[in-house]
Amino acid sequence: MDNSMITAHPPGSEDTVHSRNECTTERKFPELPDVAKKALGFFLEITSHCNMHCKFCPSDDLQRPKNHIDERHALEFLTAVNTFAPGHGVMLNDLGETFLNKKLFHYIGELAKTNTEAGLNTNLTLLNETNLQKLFAYPNFGLVMSVQTPTDKSLAQRGYNRIKTFQEYLGKACVVIEEKFRLSHPTRLEIHLAEELADNLIQSDEGLRLWTLFEDRQEYEEGLAYTVRTLSELAERMKAQYPEFYQTEYDRSMELYKRELESGEVVLDFET
């Protein structure tokens, strides 16, 4: 395996802040096992291309060229993770839109061979009927739907003109949820909404300029209220149509939520 592909950035280190615009730091391959055993998970950026141009994301500021990862390198990395840290999930993205890489489903399939979760983060734009069918054919993925912008005005800041309204955009997430219930699929789904606090953003090293989309607080709160209403109505429909599966998934998600609260990964405050 190419040693230059392996990069270790301890949490809070200066490397973590600046690594996105720098070349990978070379690490000797024998160091991987010790690092891997301490890791909670792994990130493999299979593409740095994105079809959005969000004003709150540093993707367009990257100085390195936009590329898809070399397939050989990707497969070597996935093999190494399984060898030295079996059971650890692999997140197949960083700043790019995962579904732009045509090899995505091949990588999910490789991870499925060892029952390893493939973590995906998507802006939803490419989750058409064909890609949904391909995706739900695999049992081992977790999907984060990065919605983020609960108003028409903030959605416009994402630089994607094919979706005109937030109502249409949220509807794409609802389609994914409905498909999960229709198939009784065990996948873990998350929707990320309006992570407005800079210290909660993965991209927070770029400064407060990243989250200035919500100058109109009333509009922002109305957008969140609409989102909660829409998802609550969807939940009631899924509960009525798939009562047993709904209860199973509800119990599982509450247990996971409890563990996350206890671990400190999720923090609640009065506003939440």
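Visitor: Which helix does Y257 lie in?

Guide: Y257 is in helix α9, residues 243-263 (helices are DSSP runs of H or I with at least four residues, strands are E runs with at least two, both numbered from the N terminus). Before we go on: this is a predicted model, where local features need pLDDT of at least 70, side-chain atom pairs count only at pLDDT 80 or more, and totals for chains, interfaces and linings use all residues. Residues are numbered from 1 along each chain as its sequence is written, and side-chain values use heavy atoms, with hydrogens and water left out.

Visitor: Moving on, is β4 mostly covered or mostly open?

Guide: Mostly covered: six of its six residues are buried (under 20% relative accessible area; exposed is over 50%, partly exposed in between, with a 1.4 Å probe and protein chains only).

Visitor: Which residues point which way from β4?

Guide: F141, L143 and M145 point one way, G142, V144 and S146 the other. In a regular strand the side chains alternate between the two faces of the sheet.

Visitor: In what sense do β3 and β4 pair?

Guide: Parallel, over five bridges (pairing takes at least two DSSP bridges between two strands). L120 stands opposite L143 in β4.

Visitor: And what is L92 in contact with, leaving aside neighbours within four places in sequence?

Guide: Its contacts (heavy atoms within 4.5 Å) include L44, I46, L78, Y107 and L120.
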